[in-house]
Amino acid sequence: SRAGASRVATVAMADGKLPRLSGVDVCGRADRLVTFYESCFGMVRAEGAGHAAARMAFPDCPVSVYIVDDESGSAGDAAYDVVISCTDAQQLASCAEVRGGAVRMPPATCTVGPSKIPDEPVGTVHETFETRVLDCDGNAFRAVQRADHPPAITRIVRRVADLEISRTFYSEGLGLEVLRWRSNLQSSPAETSLCMQLGDPAALGGAAVLEAAPPTAPAGCALELVYAFNSDAPDPAQGSAGTITVECEDVQKLAERLRGHAASSVTVSEDGTALVADPDGHLVRLVAAA
């Protein structure tokens, strides 16, 4: 619940802001992925690629896709998805097929819920119109149509084996605030799962859920953790695929903190960054906030 904010106050930056989710890695051949994201998603190439061959972003969106030029990397068995907003899901799906990608789910009305958060009645179900596609190197994206909202990266979805252990890592350890719990027992397409969204409450813009955030809300991205019933443990992405980048004030301090909050490994580099594996082996890259 929102009450979790008191537990993460100790990792806030000096300006009072919590660590911020700022990017996600995808793997493949950089030249063709740049063209795919420009043509199908409307992203533009940005400066400051850092560890990657290229960095792609939507205008005025603070979250980026980092393209790691590595065709051997893979997303594992649906280990993660990147969720974006778009103005026309049908057009995006058609473009993905033409540009060498694939459509996992044709554009359709989907429902999620029921949810259980403090700001709306228990059992509320939300509808979206979305499509699910693979880019030309097999990285998974979900595009949610929102004609009233500028295109943006809105969520990064990770499959986890235990929601409570993952909450300890990401909320109490990393410092992301729990925004929403929901079950997918009444969802369409049908799922038997529970999920949790974490991030900056400012991105909600006063709405109960991210799907309903007004266009005037500050751009932000949530991390969505999904636990699926009756399924095997999630297969972490291989190589750099699916690695999320988190900006923080003190990389060394936060990396050491995560050792005590269920991190499965912590590696601090000489360049001042750190790679931390969460309880399921998914990677988190810590970088100093600009």
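Me: Leaving aside neighbours within four places in sequence, which residues is cysteine 40 in contact with?
Reply: In this predicted model, cysteine 40 is in contact with Leu92, Cys95, Ala96 and Arg99, once neighbours within four places in sequence are left aside. Each of these counts as a contact because heavy atoms lie within 4.5 Å.

Me: Why is cysteine 40 called buried?
Reply: The relative accessibility of cysteine 40 is 8%. Buried means under 20%, so cysteine 40 counts as buried.

Me: What makes α2 and α3 roughly antiparallel?
Reply: The axes of α2 and helix α3 (residues 89-98) cross at roughly 150° and come within 9 Å. Angles over 145 degrees count as roughly antiparallel, and α2 and α3 are therefore described that way. Phe36, Ser39, Cys40 and Phe41 of α2 make the contact with Leu92, Cys95 and Ala96 of α3. The crossing of α2 past α3 is right-handed.

Me: How do you know that α4 is roughly antiparallel to α5?
Reply: The axes of helix α4 (residues 163-173) and helix α5 (residues 251-259) cross at roughly 150°, coming within 10 Å. The cut-off for roughly antiparallel is over 145 degrees, so α4 is roughly antiparallel to α5. Here too the crossing, of α4 past α5, is right-handed. Phe169, Glu172 and Gly173 in α4 meet Leu254, Arg257 and Leu258 in α5.

Me: Which residues touch the most other members of the largest nonpolar core?
Reply: They are Tyr37, Phe41, Ile67, Ile153, Tyr170 and Leu286, in a core of 64 residues. Helix α2 (residues 30-41) gives the largest share of this core, seven residues.

Me: What is leucine 286 in contact with, leaving aside its neighbours within four places in sequence?
Reply: The contacts of leucine 286 beyond those neighbours include Leu174, Val246, Cys248, Val251, Leu254, Ala255 and Leu258. Thr273, Ala274 and Val276 are also in contact with leucine 286.

Me: How many helices and strands does the protein chain have, and what share of its residues count as buried?
Reply: The protein chain has five helices and 17 strands. Of its 290 residues, 52% count as buried.

Conventions. Residues numbered from 1 in each chain as written. Predicted model: local features only at pLDDT ≥ 70, side-chain atom pairs only at ≥ 80, totals over all residues. Heavy atoms only, no water. Core = buried A, V, L, I, M, F, W, Y, C linked by side-chain atoms within 4.5 Å. Buried < 20%, exposed > 50% of the residue type's maximum accessible area, 1.4 Å probe, protein only. Helix = DSSP H or I, 4+ residues; strand = E, 2+ residues; numbered from the N terminus. Axes fitted to C-alpha atoms, helices over the stretch in contact; angles between N-to-C directions. Parallel < 35°, antiparallel > 145°, perpendicular 65-115°, else oblique. Left-handed = near helix turned anticlockwise from the far one by under 90°.
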